[in-house]
Amino acid sequence: HRARPVGFVLALALLAAAPVSMLMFFSELGVRPDVMTAMHNPFFDLKFGVTLALASAAITVALHLSRPEAALRGWVWLLMIPAGLLVAGISGEMMMPQRLPMMTRLVGHNSKVCMTAIPLISLPLLAASLLGLRHGAPARPAVSGAIAGMMSAGLAATLYASHCTDDSPLFVATWYTIATALVTALGALIGSKVLRY
């Protein structure tokens, strides 16, 4: 009997959890009403670039770490891609004439919603990620759990970005990052127990 590949199980688990997260999102938040206009704003589009880059990088690293002989060295740079996109976005925004002060753009209007929504929407995805990664044999379960948290937060933040009316890269770099850090810490805590073999 051959066990199913970890990637296959992870994909199935995420596909099963995605409708739950989407139901949570659409029942409580929904897409922002001016989404068609917002698509012409490059900073709105950048939010999706950052969140999808985080989710994609985290999935790749998580699958790599699901093997017992795998090491994190040489793979960390993948997780720097979303940070690099944010730095580029902030630099681009700084070069443009601004109607709002920097602190107003950083604090935004939805920081509390962001800090609540992303972690909550992440929970079904985090459970699915940990369930999928249990089919592997990670040598560092806490680290693998943390990466699962990043993956879940990246996917949840992609959903939330379509609702969020704060498009400044400063806002994304601050509040999306804090929300992601919360899910990452939760993933590390749970992963240290459920991914141990």
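Which residues does Thr184 touch, not counting residues up to four places away in sequence? Ala146, Gly149 and Met150. Keep in mind that this is a predicted model. Thr184 sits in helix H9, residues 169–194. Its relative accessibility is 14%, so Thr184 counts as buried.

Now Ser144. This one lies in helix H8. Ser144 is buried too, with a relative accessible area of 3%. Leave out residues up to four places away in sequence, and Ser144 touches Leu65, Leu133, Pro138 and Leu195.

Next, the core. The largest nonpolar core has 44 residues. Which of them have the most contacts inside it? Val61, Cys114, Ile118, Leu133, Ile147, Tyr160 and Tyr176. H1 (6–28), H3, H4, H7 (111–133), H8 (141–161) and H9 each supply at least two residues.

Take Cys114 from that list. Setting aside neighbours within four places in sequence, Cys114 is in contact with Pro119, Tyr160, Phe171, Trp175, Tyr176 and Ala179. Tyr160, Phe171 and Tyr176 are linked into a cluster by ring pairs.

On to the ring pairs themselves. How many aromatic pairs does the structure hold? Four. One of them is Phe44 with Phe48, an edge-to-face pair. The centres are 5.1 Å apart, and the planes make an angle of 70°; the cut-off for edge-to-face is over 60 degrees. Why are these two about one helical turn apart? Because Phe44 and Phe48 are four residues apart in helix H3, residues 42–65. In general, an α-helix has 3.6 residues a turn, so residues three or four places apart point the same way. Phe44 is at 2% relative accessibility, so Phe44 counts as buried.

Last stop, helix H5, residues 81–94. H5 has 14 residues. From first C-alpha to last, H5 reaches 20 Å, close to the 20 Å expected at 1.5 Å a residue. Which H5 residues are buried? Pro82, Leu86, Gly89, Ile90 and Glu93. They cover an arc of only 100° around the axis, which puts them on the same side of H5. And what do the buried residues of H5 pack against? H3, H4 (76–79), H6 (102–107) and H9.

That's the tour. Questions, please.

Notes. Residues numbered from 1 in each chain as written. Predicted model: local features only at pLDDT ≥ 70, side-chain atom pairs only at ≥ 80, totals over all residues. Heavy atoms only, no water. Phe/Tyr/Trp six-rings, centres within 6.5 Å; stacked < 30°, edge-to-face > 60°. Buried < 20%, exposed > 50% of the residue type's maximum accessible area, 1.4 Å probe, protein only. Contact = heavy atoms within 4.5 Å. Expected span 1.5 Å × (residues − 1). Arc of directions from axis to C-beta. Core = buried A, V, L, I, M, F, W, Y, C linked by side-chain atoms within 4.5 Å.
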